[in-house]
Amino acid sequence: AGPNKKLGVALCGLGKLSTDQIAPALQKTQHCRLAGIVTGSSGKVDTWRKKYNLPARSVYTYDTMHRMADNDDIDIVYVVTPNALHLEHTVAAAKAGKHVFCEKPLEISVERCQQMIDACKAADRMLGTAYRCRFEPHHLEGIRIAREQELGPVRIIEAGFGIDVGAADQWRVKRALSGGGALMDVGIYALQATRYLTGEEPVLVSATETKTDPVKFAEVDETVTWTAQFPSGANAYCTASFKVGGIKNFRATADRGWFELDPAYYYGGIKGMRSDGKPLSFPQVDMFAAELDDFARCVLEKRPTVVSGEEGMQDVKIMSAIYESIRTGRAVKI
Ligand code: NDP
């Protein structure tokens, strides 16, 4: 494979994200093309085949995806199913000899993440976690400002992401498929931001949960707030919510000023501000196209991705500590 080769990507799970974001983004990539689908809904097949000109041999169900082993058109499987199915679908793809790019959160427990990492390692395939913000220019500039200490060392990060999650019958509020609520689904963006801005791992977390709708959120967390201490002395104050849709930012305060993204985590319209009035503004990019092109380049050039399986597992580990803090009412050392 030359460096200009386009890698074939099979989308596994044709829900909202695959349909509205990832499939259109694949058309804009330099190094990828949509080459196959894995779906449990036979009713979706015709539409997808017509729209994206897919051959019958590249259409699979979750039960037949092992047959991809014979299909050279597919290099990468992008797993876009509910969180607790990521392990099963990743293992199947890796056993079929495919690289795996997997939606966040990587899985619902550290043990399950480790099994995904092990399966990809055993098959000598790459595993990536779909953290799209890591390829977004405003976020990259934030990382640069923080790491180069352009405004001095970062001391405080406030970060939060909330959505009104909607219907009570969806997998996001069912623990067996989601593994958790607001924290696992959207809080992970704020958690990621605190880690990539500081370039450090939190050593202590402390958290509480508020439930105003104990029926809808009987199985998962509704609104979580947590604090985290980092080795340098930086502190993070974070929020995740399935009820309060207005939070979507981070602000990093350093010794000589602050910078902020708001909105930080939406699919587009990312806006930045700095206390010194200097611009924090870049052209908007399609983050899904950017993350896919990066992963394809890593595969083609045989180099590691910044959004590795280990990186995905680390957030699951910290979220587990946050849940432990909520359960025990104590700060938890990591
Ligand atoms: P949807 O519910 O819209 O789609 C999930 C799809 O998974 C379904 O349409 C279905 O596809 C398949 N599926 C297989 N088994 C099940 C099952 N038991 N129950 C429900 N669906 C099943 O979810 P999203 O597309 O919003 O989310 C999918 C993943 O993407 C999640 O891990 C989520 O966290 C992540 N995500 C990431 C975002 C980001 O910005 N990076 C944004 C939104 C979601 P089929 O009918 O083809 O089998």
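This note describes the ligand site and some backbone features of a predicted model.

1. Location of the ligand. The ligand sits in the largest pocket. Both domain 1 (7-132 + 289-303) and domain 2 (137-284 + 316-333) contribute residues to the shell around the ligand, so the ligand lies between the two domains.

2. Surrounding residues. The ligand is surrounded by 26 residues. The closest of these are Thr-39, Ser-41, Lys-44, Tyr-62 and Arg-132. Two helices, α1 (16-26) and α7 (182-198), each supply at least two residues of this shell.

3. Sorted by class, the shell around the ligand consists of eleven nonpolar, eight polar and seven charged residues.

4. Polar contacts with the ligand. Arg-132, one of the closest residues, places a polar side-chain atom 2.7 Å from an oxygen atom of the ligand. In the case of Arg-172, an N or O atom in the side chain is 2.9 Å from an oxygen atom of the ligand. On its own, the ligand has 890 Å² of accessible area, and the protein covers 81% of this.

5. Turning to the backbone, Lys-104 and Pro-105 are joined by a cis peptide bond, with omega at about -15 degrees. Pro-105 is placed in the loop between strand β5 (99-102) and helix α4 (110-122).

6. The phi angle of Asn-53. Although Asn-53 is not a glycine, this residue has a positive phi of about 55 degrees. Asn-53 belongs to the loop between helix α2 (42-52) and strand β3 (59-60).

7. Points to view in the structure.

Methods:
Residues are numbered from 1 along each chain as its sequence is written. This is a predicted model: local features need pLDDT of at least 70, side-chain atom pairs count only at pLDDT 80 or more; totals for chains, interfaces and linings use all residues. Side-chain values use heavy atoms; hydrogens and water are left out. A residue is near a molecule or strand if one of its heavy atoms lies within 4 Å of it. A polar contact is a pair of N or O atoms within 3.5 Å; within protein, one must be able to donate a hydrogen and the other to accept it, and residues adjacent in sequence count only if both atoms are side-chain atoms. Accessible areas come from the Shrake-Rupley method with a 1.4 Å probe; for residues, only the protein chains shown count as cover. On a 1 Å grid over the protein atoms alone, a cavity is a set of points where a 1.4 Å probe fits but cannot get out, and a pocket is an open set with protein on both sides within 12 Å along at least five of seven lines; lining residues have an atom within 4 Å of a point. A molecule sits in a cavity or pocket if more than half of its atoms lie within 2 Å of its grid points. Helices (H or I, at least four residues) and strands (E, at least two) are DSSP runs, numbered from the N terminus. Ala, Val, Leu, Ile, Met, Phe, Trp, Tyr, Cys and Pro count as nonpolar, Asp, Glu, Lys and Arg as charged, and the others, Gly among them, as polar. Domain bounds come from an automatic or database domain assignment.
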